[in-house]
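The structure comes first, and the description follows.

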Amino acid sequence: MGLLVILGEYSASMHTNQWPPTLPLAALAVIQAALLTLLHRPLTAIMETRPAQAIVFFLGSRLMSVYLWHVPAIVLLTGVQLLWWPMPDPGTGAWWLSRPIFVVAVLLVVWAISTVTKRWESPQPILSPRWPSDAVTVIAVALFVFQSLAISSYGLDLPLAVLGLVCTAIAVVRTGGSSNVRAPDVPSSTAEAMPPSPR
């Protein structure tokens with residue numbers, strides 16, 4: 001990856017290499033997949049212990065909240081910080097000294113938010129599985145992909161933000177509240193073998 005960045009003049013930032021996807025990003029994906037394959041056995045052994053299961057369950061039940069709210073938390077805390085003193089220049093000694101405190105503050109804010117939002121991440125028991133029709137599913141996926149590609153291609157401004165919100169809302173409502181639904185072909189033995197969802 002270092003040679004690709006140096007010789008291929010790619011960006012050293014993987015965020016910059018995300019859109020459009022570049023060769024260093026593909027190499028990073030292969031490296032990560034290979035590393036997980038290499039560590040599969042020790043990771044499996046670790047996950048058989050109760051402490052590891054408890055940690056993964058605690059974090060896993062809040063991952064979507066962390067994903068959705070960590071950037072607003074960073075922006076909020078940055079704004080609060082700027083009320084009292086200017087932001088140190090990134091990469092300077094003062095900036096690095098402030099990072100541990102800032103990271104802990106972000107974790108605390110995100111944790112506080114997740115205590116409220118985690119109930120929306122908890123799996124709900126499915127008493128009678130109902131699924132949208134194929135046509136509704138295709139339309140919902142097309143709406144979601146269309147607005148995502150529009151924002152990725154032209155940037156996020158107010159009209160595209162409104163478009164994204166409307167398309168996503170329609171997709172969610174149609175797939176969750178459609179009257180034209182069908183039950184999946186799940187054998188009764190499979191349904192009976194499914195463990196109850198945690199409360």
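Helices (H or I, at least four residues) and strands (E, at least two) are taken here as DSSP runs, numbered from the N terminus. The model is a predicted one, in which local features need pLDDT of at least 70 and side-chain atom pairs count only at pLDDT 80 or more, whereas totals for chains, interfaces and linings use all residues. Residues are numbered from 1 along each chain as its sequence is written, and side-chain values use heavy atoms, with hydrogens and water left out.

On this basis the chain has 9 helices and 2 strands, which follow one another along the sequence in the pattern α-α-α-α-α-α-β-α-α-β-α. With contact taken as heavy atoms within 4.5 Å, 60% of the contacts between residues at least 6 apart in sequence join residues at least 24 apart. The accessible surface, from the Shrake-Rupley method with a 1.4 Å probe and, for residues, with only the protein chains shown as cover, comes to about 15,400 Å², and 73% of that surface belongs to carbon and sulfur atoms.

Residues are called buried under 20% relative accessible area, exposed over 50% and partly exposed in between (1.4 Å probe, protein chains only); of the 199 residues in the chain, 15% are buried. A nonpolar core is a set of buried Ala, Val, Leu, Ile, Met, Phe, Trp, Tyr and Cys residues joined through side-chain atoms within 4.5 Å, and the largest one consists of the 5 residues A73, L77, F102, V106 and V110. Two or more of its residues come from each of α5 (63-82) and α6 (93-117), with α6 giving the largest share, 3 residues. Apart from its neighbours within four places in sequence, F102 touches I74, L77, T78 and Q81.

The structure also holds 1 aromatic pair, formed by W95 and W96 in an edge-to-face arrangement, at 4.8 Å centre to centre and 80 degrees between the planes. Rings of Phe, Tyr and Trp (its six-membered ring) pair if their centres lie within 6.5 Å, and planes under 30 degrees apart count as stacked, over 60 as edge-to-face and the rest as tilted.

| Residue | Relative accessible area | Class |
|---|---|---|
| L38 | 66% | exposed |
| W95 | 19% | buried |
| W96 | 54% | exposed |
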